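Work through these exercises with the structure in view. Try each task before reading its solution.

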Amino acid sequence: MDLNAMGFCAWFAERAAELDLNGCDLARVCAVDRGSCRILSEAGEVPAELSGKLSFHIESPEELPCVGDWVGARHYDGGAAAIIHHVLPRRSFLRRRTPGASARYQMIAANVDAALIVQSGQHDFNPARLERYLVAAADGRVEPVVLLTKTDLLAPEETERSLEVIRSVTGARALAVSCVTGEGLGALRQALAPGRTCCLLGSSGAGKTTLLNRLLGREAFETGGLSGTGEGTHTTTRRQLVTLDQGALLIDTPGMREFGLMGAEGGLELEFADIAAHAALCRYADCTHLDEPGCAVRAAVEGGEIAPARYAGYLKLRKESEHHALSRLEKRRKDKAFGRMVREVKKGLKR
Ligand SMILES: Nc1nc2c(ncn2[C@@H]2O[C@H](COP(=O)(O)OP(=O)(O)OP(=O)(O)O)[C@@H](O)[C@H]2O)c(=O)[nH]1
Ligand SMILES: [Mg+2]
Ligand SMILES: [Zn+2]
């Protein structure tokens, strides 16, 4: 497979010329899993590790090679494995903010032409969530395309209505697709031009991997079931770049529990000072203001002192900040894994 078919273009050629690649081969990162990665070059796909020098110079997880990155790598073992010495600048990217005080990001994919934002028409259609993905796409200079999936489970009027809302609210291209009936797959294939890199984004269970399999024409990757509430079961666990027969490159990603861009931790009490004032009078100190007896917040809503919409807005934002707290914990764990990976890479090189 030649480099252009893998998405290489003049822009990267210029960046490669600026770096002193010193005999390294150009390759594209096609999978990343807990710090080990696989790269695709004209010679094929091989496992790869970071050079000691490169890992030494990497200061944040954001700078680590991620799926879609172009790298300069040197093959060894008769071409069976490689060491990555350079990561080329990114032309576009998808990333999400890792919540907390410092503005840090986690990379989702690099050098992406279009973000295919997958939302299931059945359970998952949620304008607020959609907006976050759109912001992420704009931030990374990636064209957004919204895919409303599982339309076989919707009445045609319902599909039309959702498409209307998506188009009018976002101005983005929106397609209705079904992997069961095949609706919309032809139009989607047209968006997948040869050499173009598209990245599937969306909640767990939205149907990203099912779509990938359908486009590949075989059950190449595992898909999952849904819980009773319609939530996905986090089936896909690693980001992966796959080449379709027609020549497009498609990146599948694990569905994210939350896709944070807020980071307004602790701002909740300030922003809802009126609610906090009533909360001080609740019978229980740890009152959640949902259904406890003696809740002064609910009493104030019922008595007309707090508008129901404001109460609902408070609950919604609180739920989001709880999500952030969870992902902060997750992030700490990941940072440890990152440190461990860097150490292991260095150890591996000394061997
Ligand atoms: N009826 C219907 N079901 C679908 C469609 N597409 C996917 N599904 C079902 O939705 C469930 C989840 O699909 P996946 O493709 O695993 O979802 P995913 O977005 O990859 O989820 P994660 O890997 O967890 O992020 C599976 O049971 C699929 O069979 C569709 O077009 N119609
Ligand atoms: Mg999946
Ligand atoms: Zn209360």
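This is a predicted model: local features need pLDDT of at least 70, side-chain atom pairs count only at pLDDT 80 or more; totals for chains, interfaces and linings use all residues.

**Exercise 1. Find what share of the chain's residues count as buried.**
Start with the rule: a buried residue has 20 or more other C-beta atoms within 10 Å of its own, with C-beta atoms placed from the backbone. Apply it to the 351 residues of the chain. Residues are numbered from 1 along each chain as its sequence is written, and chains are lettered from A and ligands numbered from 1 in the order in which they are written.

**Exercise 2. Count the helices and strands in the chain.**
The chain has 10 helices and 13 strands.

**Exercise 3. Trace the pairing of β12 (residues 239–243).**
Strands pair if DSSP finds at least two bridges between them. Step one: β12 pairs with β1 (residues 25–33) in the antiparallel sense, over two bridges. There, Ala 31 has Gln 240 as its bridge partner. Step two: β12 also runs antiparallel to β13 (residues 249–252), joined by four bridges. Here Leu 241 partners Ile 251. Step three: look at the hairpin of β12 and β13, with five residues between the strands. In this hairpin, Gly 247 has a positive phi near 105°.

**Exercise 4. Describe the shell around ligand 1.**
A residue belongs if its C-beta atom, placed from the backbone, lies within 6 Å. That gives 25 residues, with Gly 207, Thr 209, Thr 223, Thr 236 and Gly 255 the closest. Helix α6 (residues 208–216) supplies the largest share, three residues.

Notes
A residue is buried if 20 or more other C-beta atoms lie within 10 Å of its own, exposed if 12 or fewer, and partly exposed in between; C-beta atoms are placed from the backbone.
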